[in-house]
Number of protein chains: 2
Amino acid sequence: MKDFFKVVDLAKVLEYVSLFQAVETEIIHLGDTQGRILAENIIADSDLPPFSRSTMDGYAVQASSTFGSSDENPAYISIAGQIAMGESPSFSIKQGEAARISTGGMLPNGADSVIMIEHTETLNEQTIEIYKSIAPGHNVIEKGEDFLKGSLILPKGRKIRPQETGLLAAFGKEKVRVYKKPVISIISTGDEVVPVSQIPASGQIRDINSYTLSGQVKEAGGIPLTFGIVKDNYKNLSDICRKALFQSDMVLISGGSSVGARDFTIEVLTDLPDSEIIVHGISISPGKPTILARSGKKAVWGIPGHVVSAMVVFTAVVKPFIEKISGNTSWYKMPAVSAKLSRNVASAQGRTDYIRVRLAEKEGILWAEPVLGKSGLINTMVKADGLIKIGINTEGLEKGTMVEVIFQ
Amino acid sequence: MKDFFKVVDLAKVLEYVSLFQAVETEIIHLGDTQGRILAENIIADSDLPPFSRSTMDGYAVQASSTFGSSDENPAYISIAGQIAMGESPSFSIKQGEAARISTGGMLPNGADSVIMIEHTETLNEQTIEIYKSIAPGHNVIEKGEDFLKGSLILPKGRKIRPQETGLLAAFGKEKVRVYKKPVISIISTGDEVVPVSQIPASGQIRDINSYTLSGQVKEAGGIPLTFGIVKDNYKNLSDICRKALFQSDMVLISGGSSVGARDFTIEVLTDLPDSEIIVHGISISPGKPTILARSGKKAVWGIPGHVVSAMVVFTAVVKPFIEKISGNTSWYKMPAVSAKLSRNVASAQGRTDYIRVRLAEKEGILWAEPVLGKSGLINTMVKADGLIKIGINTEGLEKGTMVEVIFQ
């Protein structure tokens with residue numbers, strides 16, 4: 001058997017993310033930050049909350065005024081005033097005094113705690129009875145308890161979830177510096193591939209990979225830029241590839257998995273300006289004939305044409321590179337769901353296998369059921385909920401093994 | 001202690017999703033389908049693939065021509081032609097014949113399998129040697145093997161991932177009917193709350209919930225429509241609430257967790273056209289003082305003002321309702337990550353507790369570390385990766401218990 005290329009381990013390939021740098025940054029509106037990657041450290045310019053607040057409806061008091069009080073032995077406290085929401089109280093609280101306060105209200109000077117209204121009884125307009133002894137700080141969020149002025153509240157490289165947006169809102173950050181979304185070019189190749197709008201003639205099929213890869217790029221936080229279908233020849237592919245490099249931050253070329261096509265893809269990539277073939281073949285299945293090249297500071301990928309192989313290579317290999325150039329410093333994290341394997345799965349040693357699985361709950365146990373089928377069949381990806389990875393030194397997994405299911 | 005409201009179990013509240021119906025549908029472009037919910041059954045109007053295809057580079061043959069061949073005893077086969085990619089072969093293959101074919105190429109009539117080029121040797125222009133015996137169907141994806149004409153390829157109610165988009169592309173579905181994204185109104189209340197653009201005076205804080213809830217609505221597949229901050233009085237809230245109901249498919253009112261505010265929120269909701277208070281208090285923590293009302297066919301929520309409570313209520317209670325009206329028939333599915341609890345956690349029986357946790361891997365084990373803190377502190381949500389749920393009949397969880405971590 002002819003040795004077409006020298007395969008590299010997946011772990012080694014992922015080390016090459018260090019060759020690529022984050023894209024430029026931009027300033028956006030707070031309302032648009034969802035899912036974006038922060039490109040600046042955010043420092044608290046004030047305490048949060050800026051004043052001590054009540055977390056309950058009740059009376060602001062000095063805790064010591066309540067010491068020893070109980071149902072049998074209530075404390076008698078005089079009303080010093082009422083605190084309006086959103087206003088700074090104009091009076092102080094002394095020993096033996098209380099002020100009516102609502103949830104979120106500002107504690108008056110002198111008060112250090114709030115007794116819930118349920119633990120009090122109104123005697124008359126000037127006096128309440130208190131039935132419980134409370135400690136200082138009870139039912140209060142102290143000034144600066146959430147964040148102290150001067151502290152780092154969010155670090156550069158953090159992905160912005162709803163709570164991070166809320167935190168930026170709390171500090172009045174209406175404009176935020178984030179990394180731009182990287183633009184990822186997608187090129188489909190293959191003389192048999194026709195656009196979706198076309199009815200395929202005999203021997204032709206419609207372009208699937210432009211759509212699956214665009215979707216995966218969006219999920220990974222990038223902006224897909226599709227170049228349609230390029231016929232299998234050096235000149236066409238080279239021209240489009242240079243155009244794509246100019247217009248985007250990374251290029252994905254799918255297809256060209258036949259030997260001849262692979263040969264001229266390699267030729268095109270080798271001839272790009274300031275280029276280098278970094279990887280030609282990865283020890284994963286499906287997805288072995290994957291190419292990683294560099295042109296200038298940008299990555300250019302040749303990924304297999306089979307729809308399943310292309311999707312698996314994207315998830316396992318390409319996505320970490322997109323996350324790296326997105327400025328996301330937590331790119332290596334991938335939440336996985338644990339499930340029990342429903343049948344034995346074979347795997348060859350010396351390569352990392354990705355198996356499509358469907359999740360099914362039976363009697364309270366979550367099972368991962370392998371979805372078998374050729375890597376050219378998209379129905380297997382549609383039936384699957386995720387992928388399991390079988391490590392390079394594992395010969396296979398037995399039924400009942402706990403596996404980690406990753407999602408695309 | 002005064003009984004302010006009668007709390008309902010979480011499971012009971014979730015049954016009320018059946019009261020609400022999916023929003024209208026619309027037709028969108030294939031390229032915009034990512035994350036949308038399909039509103040039609042998609043039936044295959046042709047076989048996929050529409051012809052038998054090779055999955056390898058090699059020679060299309062009748063498998064029987066290879067029977068008995070081996071390295072020691074090769075079969076001699078005549079070349080009947082070459083198959084160009086994307087074209088229908090003009091010739092047939094008979095016993096003892098072969099045609100050169102590339103990955104993805106169309107099998108000629110008569111051929112039933114493909115022998116890899118690596119298992120052949122070219123003798124001359126007319127003849128090859130074959131060193132391996134293969135079975136019919138070897139290295140071939142049969143016509144219709146992915147999907148047969150007339151079969152249901154995607155059901156109504158399915159969420160569209162990259163692979164579903166790819167499948168729609170394969171069948172040339174350039175336009176797809178999906179459910180509209182539900183528009184969710186967000187109203188913040190509280191006399192102490194000021195817009196993000198404003199520097200809070202003493203006693204005031206900025207509006208966080210409009211931002212956290214908008215982010216959560218986006219993640220749940222909805223479109224947030226924010227109405228800003230409404231001062232704590234009946235008239236203002238009632239006016240805005242009616243406007244919001246008119247402009248959207250669901251209304252979220254955050255804040256009003258103080259007794260007085262809760263009272264007039266209930267009053268406003270009771271007075272809405274064709275209205276009904278369905279739930280007033282849910283046995284979850286945080287988030288107990290949550291209100292679910294109905295006005296006409298739309299849900300109106302009163303959710304607590306504390307940022308953590310509001311986010312938890314959204315994830316645990318509101319989100320399933322948004323998924324229901326989105327037409328998503330798999331709305332009850334929530335992927336969870338298994339982890340080991342790093343410390344004991346107490347919980348009261350008779351309520352469902354949601355505990356914020358941070359995930360940390362130590363020596364190959366994934367730990368869920370509780371992030372403790374008051375429900376008014378947003379830093380606890382920023383530190384957390386997800387939530388764990390402690391069931392209504394559980395008194396607490398011991399360190400080392402396996403827990404399911406859900407994400408917002």
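**The sheet of chain B and its helices**

Guide: Start with one strand pair. Strand E17 (residues 250-254) of chain B and strand E21 (residues 298-303) of chain B run parallel, joined by five bridges. Take Val251(B): its bridge partner in E21(B) is Val300(B). Keep in mind that this is a predicted model.

Now widen the view. E17(B) and E21(B) belong to an open sheet of six strands, in the order E16-E13-E17-E21-E20-E18 (chain B). The pairing in this sheet is mixed. In general, strands of a sheet pair through backbone hydrogen bonds, either parallel or antiparallel. Which strands stand at the edges? They are strand E16 (223-230) and strand E18 (275-280) of chain B. Each has a single partner strand, so one side of each is left without a neighbour in the sheet. From one strand to the next, the twist averages 20°.

Next, the helices on the sheet. H3(B) lies across strand E13 (183-189), E16 and E17 of chain B. H3(B) runs at about 165° to E13(B). Helix H4 (residues 234-247) of chain B packs on the sheet too. H4(B) touches E13, E16, E17, strand E20 (291-295) and E21 of chain B. The direction of H4(B) makes about 170° with that of E13(B).

H3(B) also meets the other chain. Two packed helices are described by the angle between their axes and the distance between the axes. H2(A) and helix H3 (residues 209-219) of chain B pack at an angle of about 155°, and their axes are 7 Å apart. That angle makes H2(A) roughly antiparallel to H3(B), because values over 145 degrees count as such. The crossing of the two is right-handed. Which residues make the contact? From H2(A) come Pro162(A), Gln163(A), Thr165(A), Gly166(A) and Ala169(A). From H3(B) come Tyr211(B), Thr212(B), Gly215(B), Gln216(B) and Glu219(B). By class, the residues of this contact divide into three nonpolar, six polar and one charged.

Now look at H3 of chain A and H2 of chain B. The axes of helix H3 (residues 209-219) of chain A and helix H2 (residues 162-170) of chain B come within 7 Å and cross at roughly 155°. H3(A) and H2(B) are therefore roughly antiparallel to each other. H3(A) passes H2(B) in a right-handed crossing. On the H3(A) side, the contact is made by Tyr211(A), Thr212(A), Gly215(A), Gln216(A) and Glu219(A). On the H2(B) side, it is made by Pro162(B), Gln163(B), Thr165(B), Gly166(B) and Ala169(B). The contact of H3(A) with H2(B) has three nonpolar, six polar and one charged residues.

Step back to the whole interface. Chain A gives 73 residues to the contact and chain B gives 73 residues. Several elements of chain A each supply at least two residues of the side that touches chain B. Among them are helix H2 (162-170), H3, helix H5 (259-270), helix H6 (307-325) and helix H7 (378-383). Strand E15 (205-206) and strand E22 (336-341) of chain A are also on that list. Which element gives the most? H2(A) does, with eight residues. By class, the side of chain A that touches chain B has 29 nonpolar, 27 polar and 17 charged residues.

Where do the helices of chain A sit among its domains? Chain A is divided into domain 1 (10-24 + 180-325), domain 2 (25-48 + 146-179), domain 3 (53-141) and domain 4 (336-406). The centres of domain 1 and domain 2 of chain A, taken over C-alpha atoms, are separated by 34 Å. Five residues of domain 1 of chain A are in contact with four residues of domain 2 of chain A. On the domain 1 side, the residues divide into two nonpolar, one polar and two charged.

Last, some backbone details to check. Most residues other than glycine have a negative phi, and most peptide bonds are trans. The peptide bond from Leu48(B) to Pro49(B) is cis, with omega near -15°. Pro49(B) has its place in the loop between strand E2 (42-43) and strand E3 (53-54) of chain B. In chain A, a cis peptide bond joins Ser285(A) and Pro286(A), with omega about -5°. Pro286(A) is found in the loop between strand E19 (284-285) and strand E20 (291-295) of chain A.

Note on methods:
Residues numbered from 1 in each chain as written. Chains lettered and ligands numbered in written order. Predicted model: local features only at pLDDT ≥ 70, side-chain atom pairs only at ≥ 80, totals over all residues. Axes fitted to C-alpha atoms, helices over the stretch in contact; angles between N-to-C directions. Helix = DSSP H or I, 4+ residues; strand = E, 2+ residues; numbered from the N terminus. Parallel < 35°, antiparallel > 145°, perpendicular 65-115°, else oblique. Left-handed = near helix turned anticlockwise from the far one by under 90°. Contact = placed C-beta atoms within 7 Å. Nonpolar A, V, L, I, M, F, W, Y, C, P; charged D, E, K, R; others polar. Domains from an automatic or database assignment. Pairing = 2+ DSSP bridges.
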